[in-house]
Amino acid sequence: MCHITQRSSTLSFPKMCNICWRFHHTSTSHLCSCSKTVSDEKYQDPFQLGRKDLKNLYEDIKKELLVSTAELKEMCDYYFDGKGKAFRPMIVVLMARACNIHHNNSREVQASQRSVAIIAEMIHTASLVHDDVIDDANSRRGKMTVNQIWGERKAVLAGDFILSAASVALARIGNTTIISVLTQVIEDLVRGEFLQLGSKENENERFAHYLEKTFKKTASLIANSCKAVSILGCPDPKVHEIAYQYGKNVGIAFQLIDDVLDFTSCADRLGKPTAADLKLGLATGPVLFACRQFPEMNAMIMRRFSKPGDVERARKYVLQSDGVQQTTYLAQRYCHEATREISKLRPSPEREALIQLTEMVLMRDK
């Protein structure tokens, strides 16, 4: 990923991508590569800073999932094994601290803010269980999926149960505004899945469709979770918008890099098969950019790579094109926007960690 990120900063940015950028940003400012956003002196490791607030995270989630049926408990506990990155909860607790410090210099995370981090991870995991059923996936995080072990019907019910437990935890916070913000995530997840089932013939509409799906399926959870903790910690609507915009931009960038890794990383590194999106008939960023250089891909996109040899040919075209580099560059732009937003808050170690996180999103290899 390092060489891709460095190289992409010198690439020309096609008209289609500028159109897509305006789709998500009404006012366009000059944006550049995110490299070296944070100086060595200011460097803050997000995972180190968030560790205290995330201690016993998975044990606390399991407490929310107390059930009498042994099999259901085993299924629910399967992904909450403490081996995940806890990427979303970490962003949430760092945002909570950054907003609290900005408001009244409080350096403690409120219990309700930590609950949002727990709920975010539960909603995310429930969506993974359901996604694996929809996609008939065999592996996730380097091990067999719930649907492969227990079957599709039970996997759907397990995902539903995790989601219902998250809803109970959300109600316990007792704040109707927070309930409204986080239930929007669930609506977006469903709408995003429906968007993924459809496609557009027009090239620019197709990319806008892809970014909207990306926001709803991935970024909405991060954006609205960040907004929720900002509401709990600070009364200023401007801070709520900063938190939301940071989460939205980081979330979109995260998924863009995920789509890049589907072409550049090996299955062992990812913990799931590569070229998985093509096999599911999905045209992600690298494919849409490659299509500009290889128009013959249009027919494959419209038939969702269903003919024999489509997946292999499409992957070859992507790797011959600058699709990977252009998608990486687009992710850089979203990360730069996230950095610009969070920099509006008062300086703090947590703010610097959130800035550093944008670098980590760009440089990750799994």
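This is a predicted model: local features need pLDDT of at least 70, side-chain atom pairs count only at pLDDT 80 or more; totals for chains, interfaces and linings use all residues.
Residues are numbered from 1 along each chain as its sequence is written, and side-chain values use heavy atoms, with hydrogens and water left out.

Let us start with the whole protein. Its secondary structure comes to 19 helices and two strands; these are DSSP runs numbered from the N terminus, with helices (H or I) of at least four residues and strands (E) of at least two. Of the 366 residues, 56% count as buried, where buried means under 20% relative accessible area, exposed over 50%, and partly exposed in between (1.4 Å probe, protein chains only). Among contacts (heavy atoms within 4.5 Å) with a separation of 6 or more, 77% are between residues 24 or more positions apart. The accessible surface comes to about 15,900 Å², and carbon and sulfur atoms hold 51% of that; such areas come from the Shrake-Rupley method with a 1.4 Å probe, and for residues only the protein chains shown count as cover.

Next, please find Glu-121 in helix H7 (residues 111-135). Glu-121 is buried, with a relative accessible area of 2%. Its side chain makes a polar contact of 3.4 Å with that of Tyr-58. The term stands for a pair of N or O atoms within 3.5 Å; within protein, one must be able to donate a hydrogen and the other to accept it, and residues adjacent in sequence count only if both atoms are side-chain atoms. Leaving aside residues up to four places away in sequence, the residues that Glu-121 touches include Phe-80, Arg-88 and Arg-141.

Now for the charged pairs. Side chains of opposite charge can pair when their charged atoms come close. The whole structure holds 19 salt bridges, each a side-chain nitrogen of Lys or Arg within 4 Å of a carboxyl oxygen of Asp or Glu. One of them joins Lys-217 and Glu-193 at 3.0 Å, N to O. Lys-217 sits in helix H11 (residues 203-233) and Glu-193 in helix H10, so this pair ties together parts that are 24 residues apart in sequence. Both Lys-217 and Glu-193 are buried.

Helix H10 (residues 176-197) also contains Leu-197, which is exposed at 57% relative accessibility. Leu-197 forms a nonpolar patch on the surface with Val-190 and Phe-194, and together they have about 340 Å² of accessible area. Patches are made of residues with over 30% relative accessible area and no salt bridge; like charges are joined within 9 Å, and nonpolar side chains (Val, Leu, Ile, Met, Phe, Trp, Tyr) within 5 Å.

Our last stop is helix H17 (residues 310-320), where Asp-310 and Arg-313 lie three residues apart, about one turn of the helix. Their side chains meet in a salt bridge of 3.6 Å, N to O. Asp-310 is buried at 1% relative accessibility, whereas Arg-313 is partly exposed at 39%. The buried residues of H17 include Val-311, Ala-314 and Tyr-317. Seen down the axis, the buried residues of H17 fall within an arc of 130°, so they line one face of the helix; the arc is that of the directions from the helix axis to the C-beta atoms. The face turned away from this buried side carries the exposed residues Glu-312 and Lys-316. Cover for the buried residues comes from elements including helix H12 (237-264) and helix H18 (323-342).
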